[in-house]
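Look over the chain shown below. This report takes up its helices, a patch, a pocket and a salt bridge.

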Amino acid sequence: MKHAHILKTRRHLHYRGIATAAYAVLFPILLPLGTGSFDYAEVVRSPGWVPLALVAFTGVLALLVGFYAVYARMRDTAGVQGAVGFSFVEAAYLLQACKVTWELFLYPIIAHYPETAFLLRDAVIKNDPAVLLFRISASATILIGIVLFCLAIYRSAFYPKPAAALIFVGAVVYALGPMISVYVSIVGIFTFAVGCMLLGVRLLR
């Protein structure tokens, strides 16, 4: 029973990688992004928004469990740096789960009504001081966590080094993407997903 539980936990990271890769591929296909600036409220109202948000939500939850399996395998050699990185990563994706919850349950309601759609279209919610503080805190948490945790993975003799590099690069590209283009963020998500799948494959073996 214990072995089955561990194997199930390890599969979460592999499934997270697949879900994230699917999200990255389907995002520009199912949503009306266009080539220039886009109306965020219109994007949220599109039929593909809720299914994609559900994929993202499932993936984030799987990542929380999957990264625990990654850390558990290298805990004895990860040291303080690995422990701190793991704690920050788990906290970061807990915050990410909160953010995706808004996108899944609240944003479709806001976008549906003309009286409230401006909150998304004009980035009123995004630029609200409290929300902005939340976003900055989440970004700082994931930055610290990814850097320290990827270093621990890279130094581990158990995991393939390309996996750590791909996860790190993917996270950085995803974070910088909104300042360049949404498609850059999608490339970051896909790169991150490939790194997660490499970890998942190694764990399943």
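Which helix gives the most to the nonpolar patch? The answer is α5, with 3 residues.

## Ground rules

This is a predicted model, where local features need pLDDT of at least 70, side-chain atom pairs count only at pLDDT 80 or more, and totals for chains, interfaces and linings use all residues. Residues are numbered from 1 along each chain as its sequence is written, and side-chain values use heavy atoms, with hydrogens and water left out.

## The chain

The chain has 7 helices and 0 strands. Helices (H or I, at least four residues) and strands (E, at least two) are DSSP runs, numbered from the N terminus. Of the 205 residues, 40% count as buried. Buried means under 20% relative accessible area, exposed means over 50%, and partly exposed lies in between (1.4 Å probe, protein chains only).

## The nonpolar patch

L143, V147, L151, F168 and V169 make up a nonpolar patch on the surface. Together they have about 380 Å² of accessible area. Such areas come from the Shrake-Rupley method with a 1.4 Å probe; for residues, only the protein chains shown count as cover. Patches take residues with over 30% relative accessible area and no salt bridge; like charges are joined within 9 Å, nonpolar side chains (Val, Leu, Ile, Met, Phe, Trp, Tyr) within 5 Å.

Both α5 and α6 supply at least two residues of the patch. F168 sits in helix α6. F168 counts as partly exposed because its relative accessibility is 35%.

## The second largest pocket

A pocket is found on a 1 Å grid over the protein atoms alone: it is an open set of points where a 1.4 Å probe fits, with protein on both sides within 12 Å along at least five of seven lines. Lining residues have an atom within 4 Å of a point. The second largest pocket has a volume of about 160 Å³. Its lining includes L143 and F168, and α6 gives the largest share, 5 residues. The lining holds 8 nonpolar residues, 1 polar and no charged.

## The salt bridge

The structure holds 1 salt bridge. This is a side-chain nitrogen of Lys or Arg within 4 Å of a carboxyl oxygen of Asp or Glu. Here K99 meets E103 at 2.7 Å, N to O. Both lie in helix α3 (residues 49–112), 4 residues apart, about one turn of the helix.

Is E103 buried or exposed? E103 counts as buried because its relative accessibility is 11%. K99, at 24%, counts as partly exposed.

How values were computed. Grid points are joined across faces, edges and corners, and a volume is the space filled by probe spheres set on the points. Ala, Val, Leu, Ile, Met, Phe, Trp, Tyr, Cys and Pro count as nonpolar, Asp, Glu, Lys and Arg as charged, and the others, Gly among them, as polar.
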